[in-house]
Amino acid sequence: MMDPNFKRSVILMTEYGLAGAMGFVLNHQSEYLLGDLLPDLSYSEMPVYFGGPVGNDTLHFIHRCPDKIEDGIEIADGIFWGGDFDKVKSLISGYGLSENEIRFFAGYSGWTPGQLDQEIKEDTWIVTDKFKPETLFSLDEQNLWREIVISLGQRYAHIANFPENPDMN
């Protein structure tokens, strides 16, 4: 996809239904740290990722620690979206959360009803539900897209070696 918002992006879907779809880009780190966006956590150096081009003035998070953060919605096996944000801030203040347990996003990716289905029919997206939760929280977001594509098997693995700009081939 040539849209810079989604070029070589790995998107975790959080909602999909008749009302449309929503998810977060996992591998595009923004220029911001959590402390830049939340004055009461100004010392936090946790990265904030570009979740997508919609609602850039909103902050979202996914995590894999429901024992620490209550009220999250389980969106995949062991992966939770949202939860008690006051608890999150308290845990960060007490250094009780690490970067490999939680990921923050400015904005999100959204599709109107039927839009994502049409894009999938047009082969705009490669879809899988086969992933390891630890992969989603990898601190190596530069290689996340490549790792996911290779994990899809021979049919897609060769795509991982394509240059970003085919003119550079």
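Which residues are exposed on the other side of H5? Keep that one in mind while I set up the helix. One caveat before we go on: this is a predicted model.

So, helix H5 runs over residues 141-151, and its buried residues are Glu 141, Leu 144, Trp 145, Ile 148 and Val 149. They span an arc of only 120° around the axis, so they sit on the same side of H5. An α-helix has 3.6 residues a turn, so residues three or four places apart point the same way. And the answer to my opening question: Gln 142 and Ser 151 are the exposed ones on the other side of H5.

Okay, on to the aromatics. How many aromatic pairs does the structure hold? There are nine. I'll walk you through two of them. For any such pair, what we quote is the distance of the centres and the angle of the planes.

Start with Phe 24 and Trp 81, which make an edge-to-face pair, 6.1 Å centre to centre with 70° between the planes. Phe 24 belongs to strand E2 (residues 20-25) and Trp 81 to strand E7 (residues 79-81), so this pair ties together parts that are 57 residues apart in sequence. Buried or exposed, what is Phe 24? Phe 24 is buried, at 0% relative accessibility. Trp 81 also counts as buried, at 13%, because the cut-off for that is under 20%.

The other pair is Tyr 43 with Tyr 95. Their ring centres are 6.3 Å apart and their planes are at 45°, so this one is tilted. Tyr 43 is in the loop between helix H1 (34-37) and strand E4 (47-50), and Tyr 95 is in the loop between H2 and E8, so here the parts tied together are 52 residues apart in sequence. Tyr 43 is partly exposed, with a relative accessible area of 38%, while Tyr 95 is exposed at 66%.

Stay on Tyr 95 for a second, as its backbone deserves a look too. Most residues other than glycine have a negative phi. Tyr 95 has a positive phi, near 55°. Arg 8 is another non-glycine with a positive phi, about 50° in that case. You'll find Arg 8 in the segment before strand E1 (11-17), and at 23% relative accessibility Arg 8 is partly exposed.

Back to the rings. Phe 24 and Trp 81 turn up again in a cluster: together with Tyr 49 and Phe 105 they form one aromatic cluster.

Searching the whole structure turns up one cavity of 30 Å³ or more, and the largest cavity has a volume of about 50 Å³. What lines the largest cavity? Tyr 49 and Arg 103 are in the lining, along with Met 46, Pro 47, Glu 99, Ile 102, Phe 104 and Leu 139. By type, that makes six nonpolar residues, no polar ones and two charged. E4 and E8 each supply at least two residues of this lining, and the largest share, three residues, comes from E8.

That's my tour, so over to you for questions.

Methods:
Residues are numbered from 1 along each chain as its sequence is written. This is a predicted model: local features need pLDDT of at least 70, side-chain atom pairs count only at pLDDT 80 or more; totals for chains, interfaces and linings use all residues. Side-chain values use heavy atoms; hydrogens and water are left out. Helices (H or I, at least four residues) and strands (E, at least two) are DSSP runs, numbered from the N terminus. Buried means under 20% relative accessible area, exposed over 50%, partly exposed in between (1.4 Å probe, protein chains only). Rings of Phe, Tyr and Trp (its six-membered ring) pair if their centres lie within 6.5 Å; planes under 30 degrees apart count as stacked, over 60 as edge-to-face and the rest as tilted. On a 1 Å grid over the protein atoms alone, a cavity is a set of points where a 1.4 Å probe fits but cannot get out, and a pocket is an open set with protein on both sides within 12 Å along at least five of seven lines; lining residues have an atom within 4 Å of a point. Grid points are joined across faces, edges and corners, and a volume is the space filled by probe spheres set on the points. Ala, Val, Leu, Ile, Met, Phe, Trp, Tyr, Cys and Pro count as nonpolar, Asp, Glu, Lys and Arg as charged, and the others, Gly among them, as polar. The arc is that of the directions from the helix axis to the C-beta atoms.
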